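Trainee: Could you walk me through reading a few local features of a structure? I would like the general idea each time, and then the case at hand.

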Amino acid sequence: MTLYEDLEWRGLINQVSSPELKDKLNAGGMTFYIGTDPTADSLHLGHYSSFLITRRLAAAGHKPLLLVGMATGLIGDPRGTVERELKQREEVMRNYESLKKQVEQLFGFEVVNNYDWIGKMTVIDYFREFGKYINVGYMLTKDHVRRQMESGISYAEFSYMLIQAIDFKHLHETRGADLQVAGSDQWGNITTGIELIRKTTGDEVYALTMPLVTDAQGNKFGKSEGNALWLDKEKTSSYELYQFLLNTDDACVISYLKRLTFLTREQIEALEAEQAAHPEQRPAQKALAREIITDLHGKDEYEHAVEISEKLFAGDYRSLSLRDILAGMSKVPHVTLKPGPLAEVLTDAGVCSSRREARQFITQGAISVNGEVIKDAARELTAADALEGRVVIIRRGKKKFYLGELQA
């Protein structure tokens with residue numbers, strides 16, 4: 001299978017700027033770049049799905065450049081909805097340093113910063129050397145600009161696509177970059193770069209975009225969608241990532257395996273068959289979690305995430321560290337508990353609506369404390385119940401959990 005065929009099979013090709021790019025990709029030897037702006041101090045899973053193409057192309061003989069755009073980060077890419085809030089320069093600089101370190105560690109390729117050339121440019125240079133070559137009417141045809149015109153777009157964000165075009169031109173002229181790769185939402189910006197290079201140099205350069213990774217409801221992975229899964233394990237723990245991937249919708253999991261892992265076609269097709277035969281065992285989801293977490297955080301982190309999951313499911317809380325408990329229970333309601341008779345504790349914490357209801361749940365065996373079923377409503381909750389001296393895990397019924405912090 002050629003590189004292009006593999007990319008197509010994996011669902012990684014959305015648009016290409018020229019039919020001849022297929023042969024160029026298969027031949028190897030291109031210098032390409034992919035970029036992101038430092039709008040946060042970590043990449044998220046949406047970035048990961050895109051940036052993995054650097055390894056795929058590098059393995060086929062192409063040279064990657066990773067751009068972390070401090071200059072474009074100071075301006076803001078139009079969302080196609082409403083204007084972004086401008087970030088403070090100090091925050092963008094901090095984010096840049098964090099992202100530079102992260103992408104170097106994760107992907108291992110050279111990182112460039114567009115502030116190195118954009119930051120030195122004068123306003124006159126900007127207009128004379130670049131602005132005169134791009135027609136305003138051409139810019140207004142871009143989807144993300146046209147959509148945002150309804151709510152209003154500032155000149156700053158309107159100019160974003162020209163700044164990104166300057167990046168392509170600069171990297172083409174100084175580093176030999178002849179291909180830019182990005183998510184499909186960047187098509188308008190990339191093609192503006194192609195237009196600028198063609199008009200100023202006459203050179204032919206290329207663009208490839210990938211479909212954005214979305215969940216079963218069509219929502220993309222990103223912080224603007226409120227569902228960011230950060231690649232920094234201090235922001236999204238390996239356990240949280242494991243749980244998310246383990247609960248991937250069956251309709252999406254094979255697509256994710258193709259786009260987010262380096263498993264071969266044969267391996268993925270075998271998992272697809274196994275998934276169809278035994279969906280309740282979630283073999284595809286388990287493989288997805290194993291591949292991604294191991295790649296991001298290492299084998300030990302993956303195995304630890306599995307261990308936490310198994311112990312939480314079994315109710316074996318006392319063998320877990322406080323950090324593991326907090327990670328595993330981060331999404332459940334947090335309540336404050338005071339020592340005393342359990343029926344009163346549950347009512348005061350809002351776990352039950354009344355003491356009568358609490359006693360009923362308890363006598364029916366529907367309440368457990370740290371995995372132990374309690375049937376005595378007068379049973380006292382004491383400091384001895386606190387795991388590592390701080391927290392108590394309460395389960396009401398089969399699925400309703402609470403993480404309680406026990407006060408003195």
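Mentor: Gladly. Let's begin with a cut-off: a residue is called buried under 20% relative accessible area and exposed over 50%. Keep in mind that this is a predicted model.

Trainee: Then why does N370 count as buried?

Mentor: N370 has 9% relative accessibility, so it falls on the buried side of that cut-off. Its place is in the loop between β9 (367-369) and β10 (372-373). Look at its backbone too: phi of N370 is near 55°, a positive value in a residue other than glycine.

Trainee: And is E388 buried or exposed?

Mentor: E388 is exposed, because its relative accessible area is 52%. E388 also sits in a loop, between β11 (380-381) and β12 (391-396). Its phi is positive, about 50°, although E388 is not a glycine.

Trainee: Now to strands. How should I think about their side chains?

Mentor: In a regular strand, side chains alternate between the two faces of the sheet. For a case, take strand β3 (residues 63-68): 5 of its 6 residues are buried, so the rest of the structure largely encloses it.

Trainee: Which strands pair with β3?

Mentor: Strand β2 (residues 31-36) runs parallel to β3, joined by 6 bridges, and I34 stands opposite L66 in β3. Strand β4 (residues 111-112) also pairs with β3 in the parallel sense, over 2 bridges; here L67 stands opposite V112 in β4.

Trainee: What about helices?

Mentor: An α-helix has 3.6 residues a turn, so residues three or four places apart point the same way. With that idea in hand, look at α18: its buried residues are Y302, A305, V306, I308, S309, K311 and L312. What covers them includes α14, α17 (283-297) and α19.

Trainee: How far does α18 reach from its first C-alpha to its last?

Mentor: α18 reaches 23 Å with its 16 residues, close to the 22 Å expected at 1.5 Å a residue. Just after α18, G315 takes a positive phi of about 75°.

Terms used. Residues are numbered from 1 along each chain as its sequence is written. This is a predicted model: local features need pLDDT of at least 70, side-chain atom pairs count only at pLDDT 80 or more; totals for chains, interfaces and linings use all residues. Side-chain values use heavy atoms; hydrogens and water are left out. Helices (H or I, at least four residues) and strands (E, at least two) are DSSP runs, numbered from the N terminus. The expected span of a helix is 1.5 Å times one less than its number of residues. Buried means under 20% relative accessible area, exposed over 50%, partly exposed in between (1.4 Å probe, protein chains only). Contact means heavy atoms within 4.5 Å. Two strands pair if DSSP finds at least two bridges between them.
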